[in-house]
Each structure stands twice: as C-alpha cells, then as structure tokens.
Amino acid sequence: MTWFAIGSMKDIPRRGARCVQTPQGRIAVFRTADDQIFAIEDQCPHKGGPLSQGLVHGAAVTCPLHNWVISLETGKALGADEGAVRTIPVNVEGERLFIALDAIADKAA
Amino acid sequence: MTEKLVIIGNGMAPGRMLEHLFEQAPGRYAVTIFNAEPRVNYDRIMLSPVLSGEKSYEEIVIHGDRWYVDNAVTLYKGHRIIAIDPVAKTVTSDHGVTEGYDRLVIATGSVPFIIPVPGNNLPGVLTYRDLDDVHAMLLAAQSRAKAVVIGGGLLGLEAAAGLNARGMDVTVLHVMPTLMERQLDPAAGYLLQKAVEERGIKVITKANTQAIIGDPRVEGVALADGSVVPASLVVMAVGIRPNAALARDAGLAVNRGIVVDDAMRTSDPDILAIGECAEVGGQVYGLVAPLYEMARVAASRLAGDDTAAFVHADTPTKLKVTGIDLFSLGDFADGDDRQEIVLRDASAGVYKRLVLKDNRIIGTVLYGETADGAWFNDLKKKQTDISEMRDTLIFGQAYQGGAPLDPMAAVAALPDDAEICGCNGVCKGKITGAIAGKGLTSLDDVRAHTKASASCGSCTGLVEQLMVLTLGDSYNPAAVQPMCSCTSLGHDDVRRLIKAKGLKTIPAVMQELEWKTSCGCAKCRPALNYYLVCDWPDEYADDYQSRFVNERVHANIQKDGTYSVVPRMWGGMTSARELRAIADVVDKFAIPAVKVTGGQRIDMLGIRKEDLPAVWADLGAAGFVSGHAYAKGLRTVKTCVGSDWCRFGTQDSTGLGIRIEKFMWGSWTPAKVKMAVSGCPRNCAEATCKDVGVICVDSGFEIHFAGAAGLDIKGTEVLGLVRTEDEALEVIVALTQMYREQARYHERIYKWAKRVGIAEIKRQTLDDRERRRGYFDRFVFSQRFAQVDPWSERVSGKDKHEFKPMATVGYAAAAE
C-alpha cells in the first residue's frame with residue numbers, strides 16, 4: 001500500500017467532491033459538511049455513474065444518474081438497493097490529504 | 001539538599017503545577033519563576049469578563065504576591081528568557097540574569113497567530129492573548145468607534161462581545177461559512193450567529209481578509225470580494241500556535257509544540273514542558289482541563305511519583321458570553337455506523353444533538369439549554385450503554401426513571417383554557433368547540449376557523465391531537481405528504497413558513513422548522529435552495545452544493561458521465577455565423593454527436609467535463625449563451641415564422657417568442673418551463689401542449705397554459721385573450737411568477753394548476769390588474785440577480801475546481 005499526497009482539504013468544497021486520476025481508475029474524494037474526508041471509486045455500482053458529481057448529504061452521496069444513495073464510509077448502497085464500491089483509505093494530516101493505493105506500481109509497471 | 005527548579009512562564013499551568021507540587025513534596029525544591037509579563041499568575045480564561053467589564057483584574061488573580069512569598073518562590077516579573085543552555089543547565093533572561101537549574105519546566109504557552117496580510121502591523125491592530133491586549137482594547141473602546149474582530153471562534157466571539165459591551169460597533173469576520181465550526185455543527189453555528197447578531201454585533205461569514213488598510217493607523221479591513229469594512233481597531237483572534245522557539249533554539253525536539261512524553265518530559269530528561277507549548281501524543285491543547293492535567297502529571301513526576309501519566313480526554317467547549325449557552329464535546333461528525341438524536345425547539349431557541357455509536361454517546365452539541373452537558377459528558381466518559389433510555393435520553397437527566405408520558409393523554413389532560421396556539425392566542429376549548437360545533441374535519445378548516453396553528457405552525461401536532469381526541473378515528477392526520485424523511489412538513493408548509501418566519505438560509509430553515517437530520521438529503525436540499533432563491537432573490541446566496549450536477553456545471557450529464565451542451569437560439573432563429581461556430585467547436589473538440597432538439601436548437605453530445613469551459617469560451621466568442629437545457633428554469637420558446645414569412649401568419653410570432661425568451665431567460669422555476677408562440681391557429685409551434693403557449697389571432701394573442709407532452713399528455717387550458725404584445729408579455733410573466741411562488745419543487749405547471757384551480761390562476765394573473773402587476777414586478781426584480789450567463793462566468797474562472805481533477809497520482813511512482 002502506498003500513500004499519495006493529493007492536495008489540500010481546501011481544494012474540495014464542503015458537501016462536495018473532487019476527482020483523482022490513478023492508474024486504477026478515477027477516485028472520488030469527498031468532504032462532508034463537518035470536514036470528514038472519504039475516498040471511493042468514482043463509479044456507481046448500479047450503472048457506473050460518476051459519484052463525484054452527486055449531491056453530498058451527511059456521510060452519503062446520491063448518484064447523479066439514478067439517485068442511488070451510497071455510503072461514503074462503507075461504499076455500500078443504502079436503502080433498498082444492493083451493491084458496493086471500493087473504499088480507498090484516506091489520511092488527513094492537518095490540511096493535507098493522502099490516499100492509499102494498493103500495489104499500483106506493480107500493476108502499472 | 002534542596003534541588004533547584006526553574007520555571008519559564010507564569011501562566012495557569014505552572015501555577016497549578018506548583019500547587020500540586022507544594023502539597024506532594026513540600027520543601028523539596030527551591031523554585032524560581034521567570035515571567036515575561038510584569039505580573040503575577042492570573043486566570044487567563046477570565047480575560048473576556050474583564051474586557052466586557054463584568055470582572056476586574058484583581059478578581060481574576062490566582063496567586064497574589066503573598067503566595068510567592070509564603071512559598072519562598074523567587075518570581076522575576078517582566079523577565080523574558082532568551083536562552084537555555086542544557087549542557088551547563090542554566091537559563092538567561094533578557095535583563096541578563098542567569099540562573100542554574102536541576103530541573104527546568106518550560107511553560108511558555110502560545111503566541112497568537114497573525115495572518116500574513118499587508119498592514120497586519122499597523123497601529124490599532126491587536127491580538128487577544130493577555131492583560132496588555134485587554135488594556136489596549138479598553139483604551140481603543142473609549143472612542144466608541146468601529147471595531148473588527150477577525151476570527152469567529154471562541155476567542156474572537158468573546159472579544160467581540162466584550163468590545164460590544166464597551167460600546168463599540170463591532171463586526172466579526174469569519175472565513176468559514178458558520179461560526180465556531182470546529183466545535184459546532186452548522187445548525188448550532190447558525191443559532192449562535194443569530195444570537196450574536198441580536199446583540200448588535202455584525203457577522204460576516206466566508207470573509208477572506210485580503211489586507212488591513214490605513215495610514216498611519218488602521219482604517220479598515222479589505223476583503224477578497226473587494227469590500228472594505230471600516231474600523232479603527234482590528235483584533236486578530238484567528239488562533240494560537242505553541243510558543244516553542246526557545247526550546248527549539250536549545251536543541252529540544254519540537255514538532256508543532258515541544259514534544260513531550262506522557263510524563264511531560266522533553267527530549268532532555270531534566271527539562272519538562274507543560275501547557276499550550278507542549279505537544280503530547282501528537283496533540284497540542286488550548287483548553288484549560290488538559291493543561292491542568294499536564295500540571296498534575298508534571299507535579300507528581302517532580303515529586304518522585306514515576307507512575308503519573310497524561311491521558312487524553314475530550315474536553316467540552318463552552319462560550320463565555322453572558323446570555324449565550326452552548327456546549328460541545330467530542331466527535332459529532334455523521335457516519336454510517338452512527339446514529340444521531342436531534343431535538344430542536346425553535347420557539348425556545350434550543351438545539352441539541354447527540355451522536356451515538358454502538359449505543360454509546362460519542363459527541364454532544366447543546367445550544368440554548370446546556371444544563372445536561374455534564375451528564376452527557378459523564379455518560380460519554382463512562383461509555384454507558386444508553387439503549388435503555390434511548391427514547392428519552394435527549395431530554396436530559398431529569399426525565400430518566402419516570403414513566404414515559406403518553407402525548408395523547410397529556411393533551412387530553414389539559415384544561416380547556418390551556419393555550420395551544422401561542423401566536424394567535426387560541427386555547428384548547430375554542431379549538432375543540434369549533435371542531436364539534438362547526439363540524440370541522442380537516443386541519444385547514446380548523447386553521448381557517450380558529451387561526452390555531454395558522455401562523456408559525458409549530459403547534460400543528462397539538463392541534464392534530466385535539467382533532468383526534470374530538471373526532472376519534474374519523475380524522476386522518478396523515479393527509480399531508482412530507483417533503484422527505486428529513487421533515488414531517490409538506491412542501492406548502494415549508495414554503496409558507498420560509499416567508500412567514502423570514503428564513504433566508506438552508507441552516508435557518510432546518511433549525512426553525514425542526515429538521516430531523518443535520519444536513520438534509522438529496523430531496524430536500526435542492527427544493528429548499530430553490531424556495532430560497534425564489535423568495536429572497538437579492539439576499540439569498542445560492543447554495544451550489546445543494547444543486548443537482550446539471551445545474552452546478554451548466555450542462556446535461558449523460559449515461560457515460562460525459563455532458564451535452566445546448567446554446568440558446570433565441571426563438572429558434574439562427575444564422576450562418578452561429579452554425580459555423582458550432583461546426584468549428586464540434587471539429588475542434590471532436591464532439592461525437594450533434595442533434596437538433598425538439599425545442600428548436602442544437603445539442604452537442606459526448607463532451608468531456610474538462611473540455612466544457614473551453615467549449616463555452618468558443619461558443620461565447622460567437623455570441624452564444626447557455627440554453628439552460630439542464631435547468632429547472634426557462635428552457636425554450638419555440639416559434640413559427642409568423643407574419644414575417646408565412647402567408648397565414650397573423651402576428652409576429654417569432655418576434656414575440658424572442659422577446660419572451662430574452663425577458664425570461666435565466667429565471668429558476670420549480671420545474672422546467674417550455675413555451676411556444678404560434679402565429680395562427682394552425683399552431684405550427686405546437687403551443688397547445690406547452691407549459692405556456694401563445695396562439696396569435698387577428699384580434700390579438702390567446703394565452704394558453706398547463707399543457708403537457710411528456711409522461712402525461714394534456715392539451716393546454718386557455719387563460720384568456722389580450723390585445724397587445726406588451727399585455728401578453730405581462731400576463732405570461734405574472735403567470736410564471738405565481739407558479740414560481742406557489743408550486744412545489746418538481747411540480748410542472750399543469751399539476752400545480754390542477755391543484756390551485758384554473759379559475760383562481762385566471763383571476764390573479766389576468767383579471768386582477770393590481771395583482772398581475774405585483775407578480776410582474778417581483779419577477780423583474782428577481783431577474784436582476786438571475787440574468788447572468790453561467791457559461792461566461794465559468795469561462796472567466798468561476799468554480800474552476802469543478803472542471804479539473806484534484807490530482808493525478810500513481811503514474812510517476814510506477815515509472816521510478
């Protein structure tokens with residue numbers, strides 16, 4: 001597992017998200033109203049919608065395509081829907097944000 | 001033989017440490033203190049009451065001169081230590097005194113953080129840290145002039161309240177959207193702001209200080225938005241940092257603060273550090289409880305107890321401003337594995353929130369009623385399982401143990417003269433009497449006849465219980481569909497209350513209307529944002545994060561995550577120049593699909609989000625603006641060629657269509673609005689299935705509305721015939737404004753019209769001239785703030801972050 005610096009907490013609006021491009025695909029990094037940071041795969045388990053574009057409420061996001069609600073903590077669909085996205089470990093050091101990627105080097109090499 | 005103990009700093013932590021030490025090991029040390037301040041130890045927490053005039057300096061002194069004499073402590077007042085020599089084991093002061101030590105305690109506290117902006121050293125710019133600062137502020141306050149406090153945290157608000165109490169005109173600038181955001185969630189932050197403002201203190205949030213201006217002394221603070229807040233006194237209270245420079249110079253390990261272990265030992269075992277300058281377990285502290293804990297540990301260690309160790313504990317935060325009660329403790333972030341219990345009592349100004357995890361309290365925010373803070377703190381500390389008392393937990397300790405109250409029985413037990421509706425002074429007997437005597441069966445009837453719950457609506461629950469009591473099972477209270485699971489109120493009630501109570505922000509709505517969640521959901525937030533935009537066009541700041549992605553990036557998201565872009569073609573008219581510009585954009589950005597829409601314009605599909613600003617820049621250069629094809633707002637005005645070309649045309653339908661579109665573009669509406677103008681009854685523009693349509697005839701303009709051609713198919717209703725184009729425009733605008741003000745979010749015009757009644761809409765927007773004009777004027781006013789092309793705004797850099805990835809990682813690492 002490798003930690004990558006991705007920028008500062010201030011780069012993400014509260015109740016919003018930004019994307020990070022990685023060799024493993026796009027990752028959505030969320031900042032909640034109370035400054036918690038979460039990272040998940042930017043792909044809804046339903047039809048692949050970009051979750052980073054969704055509406056953030058509490059510790060969940062509503063997918064912009066068909067309104068699935070995904071928990072930012074577990075990556076699981078909430079409510080009646082079933083499915084999950086991968087969650088990515090996040091570390092917050094002061095304002096600076098880091099995400100951990102698995103064995104990316106091996107994969108990309 | 002006594003050992004020599006030297007202490008640098010004479011604040012609250014070393015004072016407390018010495019009290020413990022003299023108790024545990026009397027006579028063991030000869031103590032010398034160097035205090036950079038020329039005075040004894042005083043209670044720094046009480047500086048705010050000194051500033052506000054509620055206390056004097058003498059009242060906040062902890063240890064008077066006598067104490068130092070009694071305990072044989074040598075106190076050097078006004079001596080700043082400038083060097084520590086850990087090898088020779090000496091310290092030297094700025095007055096040249098050098099003193100040897102066996103054990104040294106560094107307690108240099110913290111220094112205020114000075115924001116690095118031009119003018120931060122002008123005369124009249126102060127910090128808020130010690131008694132000298134307070135004296136300087138009191139001197140400035142004698143002028144009764146304007147003061148600015150930068151920082152809306154604990155210290156800043158206390159400073160603001162103090163200066164306000166001394167007669168100054170105070171403005172608080174806070175960079176975050178809500179006050180004390182580290183300790184309070186947004187709802188409590190909102191309440192706090194309200195309370196602060198009620199005292200006559202102005203609060204500007206999201207205020208980014210650019211510079212402090214003035215010559216030769218401070219005259220004001222310039223903000224990033226270009227505005228200037230005038231002030232003859234500026235107090236910086238944006239935070240503190242550990243004062244660790246001395247330790248760093250002496251070669252001790254320093255991170256954010258002076259690094260100590262849980263025995264308060266620095267990297268040199270003979271030197272201890274305590275208080276705000278110390279960093280233990282990676283944390284630095286600013287509240288008094290952990291600092292006293294450090295003092296206790298250091299004293300025990302100095303007394304020879306090798307077991308004493310510092311343990312982190314969450315400390316409650318309280319604001320010391322008379323009349324404002326707030327309490328916050330622990331972790332109150334949302335989370336999947338967490339539940340929250342929220343109690344809001346808008347009329348009493350009370351907000352309470354408990355955050356639970358595994359049936360245990362992990363966080364508490366109390367506002368307005370903080371008496372149970374200690375009890376909640378205790379439950380949290382002891383990790384008490386609260387599942388048994390969960391239902392009544394939030395009501396506090398006094399409610400525990402008794403039999404749970406049946407709300408119905410409680411209402412039944414009320415005497416007939418008990419007041420139910422405080423706003424309108426309606427008692428129980430009047431309501432039950434009206435229900436029985438007049439045969440009322442619905443809440444609306446009761447409101448109409450008695451006025452009970454017709455104003456603020458907070459007694460609606462009580463009135464409904466009275467209806468159940470009086471009518472029995474024949475009353476069905478569940479007639480109103482709540483907006484979403486965050487509230488029990490329906491859309492109409494929410495809209496009515498926003499106006500009635502003058503609610504102007506989303507946190508205000510959620511607090512005053514007692515929302516059940518802390519930050520809403522994807523259903524209620526966009527609706528509330530629209531209602532506020534509509535009702536307070538000049539005052540409300542659009543909440544970007546409460547808009548659906550299409551309205552945030554001003555394009556239509558497609559199934560693969562790309563976007564489509566539709567520029568406006570006024571009335572469906574275009575030109576060679578416009579078409580050429582579109583063709584160039586399609587080529588340049590390799591746009592995969594181009595389609596003519598049903599609304600007489602051109603859709604470019606499959607554009608990558610990153611390309612949107614560049615696409616708009618090129619379209620904008622050709623004169624295009626956004627077509628709002630994504631908006632709950634005015635979409636298109638479809639036209640036929642009318643009397644300009646058509647041999648049957650009776651009026652200039654194209655011209656009227658363009659005029660309507662140019663007048664109304666940019667307006668937000670509850671749901672999308674599509675219009676059309678046909679030049680004759682053959683109706684080539686298909687105006688009779690639109691939200692609003694016009695059929696031109698020889699004698700004038702027939703105005704239609706409430707058509708549908710989507711999920712439902714419905715021909716329009718005729719509103720009426722008007723003679724002139726001007727009148728047609730006024731009626732259409734008035735109709736749209738009435739719809740904007742009354743409809744529920746997502747409700748198209750035809751559904752709204754069915755609910756309100758065709759006749760009523762006709763009466764208000766066609767027949768009643770005065771009302772019509774009122775609607776028209778309100779629309780025109782709102783357009784002043786709405787008619788801004790969102791594309792050109794974004795080409796100029798607005799919301800830049802939206803269109804770029806935050807980072808690209810992993811690729812470079814692989815190459816290494």
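Okay, one definition before we start: buried means under 20% relative accessible area, exposed means over 50%, and partly exposed is what falls in between. Keep in mind that this is a predicted model.

So, salt bridges. Side chains of opposite charge can pair when their charged atoms come close. Searching the whole structure turns up 53 of these salt bridges over all chains. I'll walk you through a few in chain B.

Let's take B:Arg296 to begin with. B:Arg296 pairs with B:Glu293, and their closest N and O atoms are 2.9 Å apart. Both sit in helix α9, residues 288–302, and because they are 3 residues apart there, about one helical turn separates them. How accessible is B:Arg296? Its relative accessible area is 32%, so B:Arg296 counts as partly exposed. B:Glu293 is partly exposed too, at 21%.

Next up, B:Arg778 and B:Glu741. Here the closest N and O atoms are 2.6 Å apart. This one links distant parts of the chain: B:Arg778 is in helix α26 (residues 769–786) and B:Glu741 is in helix α23 (residues 725–742), 37 residues apart. B:Arg778 is partly exposed at 40% relative accessibility, and B:Glu741 is partly exposed at 22%. There's also a network, where salt bridges with shared partners join B:Glu727, B:Glu730, B:Arg769, B:Arg772, B:Arg773 and B:Asp777.

Last pair: B:Arg353 and B:Asp185, with a salt bridge of 2.6 Å, N to O. B:Arg353 is in strand β27 and B:Asp185 in the loop between β13 and α7, so this pair ties together parts 168 residues apart in sequence. Buried or exposed, these two? Both B:Arg353 and B:Asp185 are buried.

Technical notes: Residues are numbered from 1 along each chain as its sequence is written. Chains are lettered from A and ligands numbered from 1 in the order in which they are written. This is a predicted model: local features need pLDDT of at least 70, side-chain atom pairs count only at pLDDT 80 or more; totals for chains, interfaces and linings use all residues. Side-chain values use heavy atoms; hydrogens and water are left out. A salt bridge is a side-chain nitrogen of Lys or Arg within 4 Å of a carboxyl oxygen of Asp or Glu. Helices (H or I, at least four residues) and strands (E, at least two) are DSSP runs, numbered from the N terminus. Buried means under 20% relative accessible area, exposed over 50%, partly exposed in between (1.4 Å probe, protein chains only).
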